[in-house]
Structures are given as C-alpha cells and as structure tokens.
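Keep the viewer open as you read.

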Amino acid sequence: MRIVLLGPPGAGKGTQAQKLAEKLGIPHISTGDLFRDNISKATELGIEAKKYLDSGDLVPATLTNRLVDDRLNDADAAEGFILDGFPRSVEQAEALKDMLAARNTTLDAVLEFRVSEQELLDRLKSRGRADDTEDVILNRMKVYRDETAPLLDYYQAELKTVDAIGSLDEVFARALQVLGR
C-alpha cells in the first residue's frame, strides 16, 4: 500500500504514520526525519536544509525530491510506504507521480489529518522543540495554507479525511477505517 499523509504541522501525521507503518508492514518515510538525519550528519544537503528549517520555511523541492526518490529505491519500500511530509506542493506531487510511474505504480490513498488552527498552535507550543516558537509556528501554518492546501484539490480522487482530534488510538482507528483495514 502506497500512502501519502497530509495535514498541517502538529496534526499528528508522524505519530500516526509510525503506527500505520507497523500495522501495514511498510516503511514510514518522513522528510522531517530525512532532513534531521542529514542535519545531524552535517551532510551538504543537511546544512542547506537547516537554513530553511530554522526560519520556518520549506526546504526547496529539488532537494526534497532527490532525498525521497533515493529513499523509494530502498528494498523495504518496494511493496509500499507511507510518505509523511511529502509532497508539500502540487509541483512535488507531480514529481512523486513521475517517481511512481518510473516504478510502474501509483498511490493507493491520500489521508488528510484535519485539526483546527488553535489546537495546532497549542500542540506545537507544548512540544518543546527549540524551533517551535510562536512566530515560526504561525509561519509554518501560513506556508501550509498557501503552498500545501492545494494538494487537497490535486488529490481529490484519492483523498480520505481523518478527524485528528482525540486520543492517539481514536485517530488511529479512524485512519484504519478510511483505509478499509
């Protein structure tokens, strides 16, 4: 099963992706984790990505696309994957479509985790990460609305909405239900 997770920062995509990956037996591919790994190893990509992330901006599509395409080549992704944090724009969705076409496959589902802005602000401020200042959080929300929300239209045929307010297990049960699992 090939799944894309959509939703603003703090919607719980990462946590749900881990649970879904374990349940479905496919890898959770998080661009955030890919970036953090490269940043911690001080790779060229990591150093460049850090500049953008520190200001709350998105890493340019060309850098992200390369990382994701390489990751999809790994053997564990051959039978499926859960993408978390990619694509973030229609341009990246087109790139993903091309990556999948080159592998003779398509997406099975796109899950949108829906949460109110106030709930997101409360969640992100309570995470305690150094880059989660209110200004950075508000900028991320604006960037999401401006650049990522159009994906909801792009993926209309595959889109399934999940109410992401509630306990971890409640949201997980809803995600499995919309996937027919």
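A pocket here is worked out on a 1 Å grid over the protein atoms alone: it is an open set of points where a 1.4 Å probe fits, with protein on both sides within 12 Å along at least five of seven lines, and its lining residues have an atom within 4 Å of a point. Before we use that, some housekeeping: this is a predicted model, where local features need pLDDT of at least 70 and side-chain atom pairs count only at pLDDT 80 or more, while totals for chains, interfaces and linings use all residues. Residues are numbered from 1 along each chain as its sequence is written, and side-chain values use heavy atoms, with hydrogens and water left out.

So, to the largest pocket. It holds about 1,000 Å³ of space, where the volume is the space filled by probe spheres set on the grid points, joined across faces, edges and corners. The lining of the largest pocket takes in 44 residues, and those nearest its centre are Gly-32, Arg-36, Arg-88, Arg-127 and Arg-129. Which helix gives the most to that lining? H2 does, with six residues.

Five strands make an open sheet with parallel pairing, in the order E2-E3-E1-E4-E5; two strands count as paired if DSSP finds at least two bridges between them. Strand E2 (28–30) and strand E5 (159–163) sit at the edges with a single partner strand each, so one side of each has no neighbour in the sheet. On average, neighbouring strands of this sheet are turned by 25 degrees against each other, direction ignored. The angles come from axes, which are lines fitted to C-alpha atoms (for helices, over the stretch in contact), and run from 0 to 180 degrees between N-to-C directions.

For a close look at one pairing, take strand E1 (residues 2–6) and strand E3 (residues 81–84), which run parallel and are linked over four bridges. Arg-2 stands opposite Phe-81 in E3. Helix H2 (residues 31–40) lies across E2 and E3, at about 60 degrees to E2; contact means heavy atoms within 4.5 Å.

Most residues other than glycine have a negative phi, and most peptide bonds are trans. Phe-86 and Pro-87 are joined by a cis peptide bond, with omega about 0 degrees, and Pro-87 has its place in the loop between E3 and H5. Ala-42 has a positive phi near 50 degrees and lies in the loop between H2 and H3. Asn-104 also isn't a glycine, yet its phi is positive at about 55 degrees; look for Asn-104 in the loop between H5 and strand E4 (109–114). Buried or exposed? Asn-104 is exposed, with a relative accessible area of 73%, whereas Ala-42 is partly exposed at 49%. The cut-offs are under 20% for buried, over 50% for exposed and partly exposed in between (1.4 Å probe, protein chains only).

Finally, the charges. Side chains of opposite charge can pair when their charged atoms come close. A salt bridge here is a side-chain nitrogen of Lys or Arg within 4 Å of a carboxyl oxygen of Asp or Glu, and the whole structure has twelve of them. One joins Asp-37 and Lys-41 at 3.2 Å, N to O; Asp-37 is partly exposed at 35%, while Lys-41 is exposed at 56%. Another links Lys-125 with Glu-134 at 3.3 Å. In Lys-142 and Asp-146 the closest N and O atoms are 2.5 Å apart. Those two residues are four apart in helix H7 (residues 134–148), so about one helical turn separates them. Salt bridges with shared partners also join Arg-71, Asp-74 and Asp-76 into one network.
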